[in-house]
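User: Hi! Could you walk me through this one in plain words?
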Amino acid sequence: MAHDVFVSHSVKDKAVADAIVARLEGDSVTCWIAPRDVVPGADWGESIIDAIESSRIMILIFSRNADASPQIKREVERAVNKGVYIIPFRVDDIPPTKSLEYFISTSQWMDAFSPPLERHLDNLAKTVTAVLKSPPLPTVNVPAQPEKPSIPKPPIRPSRRKSILIALVITALVIVGGAGWYLVQKEKGPPEKPAVTPTPVPMTTAAVTPVPTLASTPAVTPIVTSTPVPIAPAAVTPIPTLVPIPAQTPSTPPPIANARGPWLFADSSSRYLSAAELSSLSPDDLWRARNEIFARNGYKFKTARGIAFAHTLGNYYRGVDDNQDRVFNSMNQYEKANVTLIQSIESGR
């Protein structure tokens with residue numbers, strides 16, 4: 001049976017886990033929690049695996065007890081491998097161990113260690129509802145410790161546009177090159193016609209056969225000269241005049257980023273982003289798309305990466321609150337849903 005939420009917790013945190021289940025089920029969100037939902041006589045490990053695979057969200061109750069539990073680490077690893085959206089619900093103010101941090105470092109944490117617990121349960125219920133309303137992500141098999149990130153195949157449509165653009169650029173270069181050659185030839189003037197000098201035919205002396213003469217008549221040897229043959233000058237074919245062809249500039253789509261300021265998605269505060277337009281983004285672009293929503297709501301970045309990003313926004317940014325939980329709660333319904341959807345894509349990679 002499919003469930004909306006799988007609650008991962010240490011047995012020592014059962015009171016918090018029961019409070020979360022009661023709050024979510026009050027909003028008609030189906031939950032799976034051990035040992036309540038383990039069928040009597042069924043294999044414990046198999047029941048855990050089946051419940052994780054059939055859930056949309058895993059709520060990890062992160063505490064000192066959970067951080068030291070090897071069972072919790074196995075459950076989180078399975079959730080990451082199956083593409084389940086993870087919400088760490090931190091009830092103790094401690095950093096996770098490296099083995100657990102490897103899997104949940106990209107997730108959006110919810111700090112719930114400051115009383116009262118009911119206020120944090122309300123925020124958790126709103127986040128779960130927003131994630132369930134977004135379209136489910138495709139199931140992916142993520143290796144436990146990948147050496148290299150998977151490289152998505154480029155979409156077909158951008159490749160066609162790139163090929164057309166390259167063809168237009170080559171055509172423009174050929175036209176511009178031809179026009180340039182024509183202008184250079186025009187400045188030099190028309191080519192001179194080559195002077196044609198007729199080749200003289202050598203004169204030869206015809207062979208003369210001596211004629212026998214009488215004794216009284218002296219022998220006369222006539223001289224015969226060949227007549228030179230006139231040679232007509234070679235015909236010169238005139239070079240046709242080139243007609244200049246105006247250079248054409250390939251149409252290039254205008255840049256999108258400059259037309260809407262420094263934002264990757266300038267309208268992510270007024271509409272729901274789709275998984276289709278986010279799934280092709282790089283990890284850096286997903287990080288920017290999520291944090292620009294926080295920036296527009298006045299979140300004051302504390303990490304070196306966040307501060308460097310804030311500097312790129314210039315006058316578009318004003319950080320006034322460094323409490324990430326409070327800033328998230330002040331967002332509108334579009335922003336909360338978009339932040340949650342981006343986090344689910346980041347955690348699934």
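Analyst: Happy to! One term to start with: buried means under 20% relative accessible area, exposed means over 50%, and partly exposed is in between (1.4 Å probe, protein chains only). This is a predicted model, where local features need pLDDT of at least 70, side-chain atom pairs count only at pLDDT 80 or more, and totals for chains, interfaces and linings use all residues. Residues are numbered from 1 along each chain as its sequence is written, and side-chain values use heavy atoms, with hydrogens and water left out.

User: Okay, which residues are exposed on α10?
Analyst: A304 and H311 are exposed there. Helices (H or I, at least four residues) and strands (E, at least two) are DSSP runs, numbered from the N terminus.

User: And which residues of α10 are buried?
Analyst: In α10, residues 304-313, the buried ones are G306, F309, A310 and L313. They sit on the same side of the helix because they cover an arc of only 105 degrees around the axis, taken from the directions from the helix axis to the C-beta atoms.

User: What covers them?
Analyst: The cover includes α9 (283-296).

User: New topic: which residues touch the most other members in the largest nonpolar core?
Analyst: V5, L24, I59, F89 and V128, out of 23 residues. A nonpolar core is a set of buried Ala, Val, Leu, Ile, Met, Phe, Trp, Tyr and Cys residues joined through side-chain atoms within 4.5 Å.

User: Which element gives the largest share?
Analyst: That's α6, with five residues.

User: What does V5 touch?
Analyst: Its contacts (heavy atoms within 4.5 Å) include L24, W32, I59 and V128, not counting residues up to four places away in sequence.
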